Amino acid sequence: MALNGANFACAPGEVHALLGANGSGKSTLAKIITGVVAPDAGEIRVDGQTVTVSGPADMYRLGIASVYQELSLIPQLSVAENILLGHEATRACLIDNRAIWAQAARLLEHFSRSLGRSLPIHAVVEELSPAEQQLVEIAKALSRSPRLLILDEATASLHSREVEALFELVRGLKDKGCTVIFISHRMEEVFRLCDRATVLRNGQTVATVDLKTTSPDELLQLMVGETERPERVHKEVSPGRVVLKVEKLRAGRVLREVSFTVRAGEVVGLGGLQGQGQSELLKAVFGAYPLESGLIEIEGRRARIRRPADAIRAGVVLVPGNRAHEGLCLPRSTFENTTLPSLEHRSRCGLLSASRERRAANEVIQRLEVKVADIYQPVSTLSGGNQQKVVIGKWLLNNPKVLLMDDPTKGVDVRTRLELYRVIKELCSRDVGVLINSTDNAELLAVCDRVLVLYEGQIVDELTGDDLNEANLVAAGLRMTASAHNSTRGETTWGE
Amino acid sequence: MRQLPSTEATGLPPGSNRGIPAKRWLVNPVLVAFLLAGALFVVGQVLSPGFLSYSQILNVLRVASFLGIVAAGQTLVVLAGGEGIDLSVGAVMSLAAVMTAHITLARDALLLRALFEVILAGLILGSINGLGIAYLRIPPLVMTLGMAGVVQGLTLVYTQGQPKGRAAPLLNEIVTHPWVMGIPGILFIWMLLAVAMAVLLSHTSFGRRLYAVGANRVAAALSGIQVSKMIVAVYALSGVFAALAGYLFVGYTTTVFLDIGGDYVLRSVAAVVVGGTSLAGGTGSYTGSVAGAVVLTVLVAILTTLRMGAAGRQVIHGLVLILLLAAYGRQRRLRQ
C-alpha cells in the first residue's frame, strides 16, 4: 500500500510541488493521475467532474501530459517522430512529414532559443545526450497542449542552463493558465519555481502549504513528522580494521568521486533519496557496474574488480535490490540457489558430492532459519521473506569479508525483517563489514553505525552518533540545511 | 524440515527431478515422455503385430540413438536459455559423416584419426557459434542458421559435390552388430553418454551453473558465474555431439550423401522439448531428451510399417511435431 488517504488539489495557472521522503507516495500519486496505476479507492476530479483515467488515451483526452524520469522515447526513431508519436499529422491518410517537422521544430524552438543551439529534429534519439533526450521528452508532452503537465524529476539529468530554459517555459505555461505538478529532489528548484506544495508522508497528505510563507525548516518538519528514534539493533562488537576502502569512484554523472571506508564489524548505511547512485555504487564495488576510474581496497590490498567473480574471490558479495530478477534463479530449487556461488569450494575436479552439498545447504538454511518444506522444490514456492534469506544465505558459504546489501528488506514482513537484522548482527560479530542501501530511513537508523548520504552521485553528508536521526537524514537527503543557509538566490526568489 | 530421500533411494535416473511427491509424478514431463513412448510401441503392435518384438524394439532404439546423441548437445544449448537453439547440428553432422567416409575410405586403421578430426571440426564450428552468440550478441537462431549454411558450403567444397568413401568395417561392426543379448554397440555408447550427461548436469559445478544461467542470466552473473564462457562451452559441446553422431551414423548407413544429417535439426529440438526441457531454459534433463528421441523414432517406425509413402510420412511427421510442440508450449504456460 503506497497511498492511504491522499488528497490533493491544484488550481489553473499554478505550479504545485509534491514533496515527501522515500516511499511517501509522490510517484504513485502522479501515476494515479496519469492512469498508470489504478486506485483502489478515491476519485479524480477535473474541473469538478469525476473522471476515470485508465490509460494514456484518457489522460490526453483530459488534457493531462506527463514527463517521466524514465524516458518514454523510442531510441531508434528521430526526434520529430518521437515528439509527435501517436498523433502524427496526416494528409490523405499518409503521414505528412513536412507538417511533423514543422511542429517538432516549433515545440523545440523555446529550448533552441534559450540555449543558443538548435536541437536536431532529424537526429535519432539514441544518439542524443541524456539531457537532450530529456528535453525531447518534455517537448513530446507539450505536443499534446496539456492543461495539466506533470514533471516527475524532469530536471534530474539537465544542466543548469537547461533547467533555466525549462523554468522559463513553465512560467510561460503558467501564464497561459496551465497547471504544472512538479516533483523534484532539488529543494532549491522547488522554492524557486513552485507556488504551493503538498507534503506526503507514509502515503498520506500531511498539508498543502504556500511556499512563499513557508520556511525550509517548516517543510522539513512536515515531511519528517513526529518520530521517535527506532530501537537500535544492539551489537556487542566495536568496529575493527578497515575491510573496504573505496577511493574516488567515478562513473559518469551517476557516481562522482565517491570515497569512503567500511570497517570489520561495522554497518555503514547509504541514505538519501532513491536513485542518487546508491544501487550503482554497490554494483560498482561488486564489479557489476562499469567504472571510469577509482580504487577499491579489500583488507588493505588493492583489488582489481572487473566482474562479480573477481569481487567474490576478493571476499566482497552483493545482495542485489531485485530479488526475483537479480538474486534468485526462481525455477531452480532452494538447494541449488543456496549452494550456487560456493560450488568450487566443495567440488573435486568439478564433481560434486550430493551429501556434502546437502549438508552445506542445510547448514545455511538452519543458520538463517529459512522456512522451507522441501529444499529440492523451486525457490519460487518460498515466501518473499524466506526467498530474501536465501539470497543472503547463498553467500554465507563463501565466508565474505564485505557484505553489500541493496534494499534487502523491501517487501519483507516485519518479523522476517527483524530476523534479517539479526543475521546482519551475527555477521558483524564475525568481523564482516556491511554496506547497506535502504530506502527506509527507519531501517538505516535501526541497523547502521554510520550513514553516508548520497545526492546526485556524491556523498554529501555522513551521519553518526546522535546526529544520526530521521530529521537529519531527510534534510541531508534533500540538501535542505545547505540550501536554506547558503542559497541567497533562493531566498530572493521566494520573496518575489 | 522434512528429510528427503536421496537420489539413489528414489530409484529415478539421475538428472530427473528428485524428491517429487507421488501425485506430482503425473506432471513429471520425463515420465510422461517415457509413457508416451511405451504407448506408441503398443499402438505399433496393434497396427502391425510383431512391432513389440525384442528385435524390433532394439532396432527402433538403435535408430533413435543417433537422434539421442545430437539431442544431447541440443539439450545443453536449450538449457542454457537466452532463446538458445542450435540449428547447425544437421549440417555439422553431415560434414562429420562425409569426412569420416572420406578419411577412412573403408580402412579400420584410420578410424581413430577420423574420430579425432571430426570431433575437432565439431568443436571448432560449435565454438564459433558460441563466440558469435556470447560476444557478438548474434541471436542464436540467426547465428546457428547462418553457420548451417556455411557448413553446408564447406561440405560441398570438401567433397567437390561428390562424397566418396564408405564406412570402415569396424565402425559398421561397432554400430550395428550385437554385442550382448543382441544389443548393438551403439546402444551401449548411448547409455554411456546418457550416464555421463546425467552426471554432468546433476553432479558437477558445470551442470549447476548451466541450470542457473538458463534460469536467470542476471542472477547467475551476479553469483559470480561467467555467463559468456558457459554459452561458448554449450555450443562447442553441441558441435562435438553432432559431429560424433555423424561419425557413428556412417557405421549405420555405410555410404554417405551430402545432406545426411538434415533431418536431425528440427527432430533434435523436438526430442528436447518432448522430454520436458523448457525452451525458455533452466529446467529439464537429458533423460527426458532420451525419451523424446525414442518417441519421435517410434513414430516414424509406425508410419513406415503402415507402408505409407515417403511424402505422406513426411507430412504426418511434420504435423505431429507441430502438435507436440504446441501441446508442450501450452503446458509450460500453464505451469507458469
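Me: Is A:Glu456 buried, partly exposed or exposed?

Reply: This is a predicted model, in which local features need pLDDT of at least 70, side-chain atom pairs count only at pLDDT 80 or more, and totals for chains, interfaces and linings use all residues. Residues are numbered from 1 along each chain as its sequence is written, chains are lettered from A and ligands numbered from 1 in the order in which they are written, and side-chain values use heavy atoms, with hydrogens and water left out. Buried means under 20% relative accessible area, exposed over 50%, and partly exposed in between (1.4 Å probe, protein chains only). The relative accessible area of A:Glu456 is 19%, so A:Glu456 is buried.

Me: Which residue forms a salt bridge with A:Glu456?

Reply: A salt bridge is a side-chain nitrogen of Lys or Arg within 4 Å of a carboxyl oxygen of Asp or Glu. Here the closest N and O atoms are 3.8 Å apart, and the partner of A:Glu456 is A:Arg256.

Me: How many residues apart are A:Arg256 and A:Glu456?

Reply: Helices (H or I, at least four residues) and strands (E, at least two) are DSSP runs, numbered from the N terminus. A:Arg256 sits in strand S12 (residues 255-263) of chain A. A:Glu456 sits in the loop between strand S19 (450-455) and strand S20 (458-464) of chain A. The pair links distant parts of the chain, 200 residues apart.

Me: Is A:Arg256 buried, partly exposed or exposed?

Reply: Its relative accessible area is 26%. By that value, A:Arg256 is partly exposed.

Me: Which parts of chain A does the salt bridge of A:Lys174 and A:Asp195 tie together?

Reply: The two side chains meet at 3.0 Å, N to O. The pair ties together parts that are 21 residues apart in sequence, because A:Lys174 lies in helix H6 (residues 160-175) and A:Asp195 in the loop between helix H7 (187-193) and strand S9 (196-201). A:Lys174 is partly exposed at 26%, and A:Asp195 is buried at 14%. The parts tied together are helix H6 and the H7-S9 loop.

Me: Which residue forms a salt bridge with A:Glu419?

Reply: A:Glu419 lies in helix H16 (residues 414-429) of chain A, and its partner lies in helix H15 (residues 384-396), 30 residues apart. Both residues are buried, A:Glu419 at 13% relative accessibility. The closest N and O atoms are 2.3 Å apart, and the partner is A:Lys389.

Me: How many salt bridges are there over all chains?

Reply: Side chains of opposite charge can pair when their charged atoms come close. Over all chains, the count comes to 30 salt bridges.

Me: Which strand pairs with S16(A)?

Reply: S16(A) covers residues 316-319, and A:Val316 and A:Leu318 on one side and A:Val317 and A:Val319 on the other are all buried. Two strands pair if DSSP finds at least two bridges between them. A:Val316 has A:Val402 as its bridge partner. The pairing is parallel, over four bridges, with strand S17 (residues 402-406) of chain A.

Me: Which residues does B:Ser88 touch, not counting residues up to four places away in sequence?

Reply: B:Ser88 is in the loop between helix H3 (54-79) and helix H4 (89-104) of chain B. At 1% relative accessibility, B:Ser88 counts as buried. Contact means heavy atoms within 4.5 Å. The residues touched are B:Asn129, B:Thr144, B:Met147 and B:Ala148.
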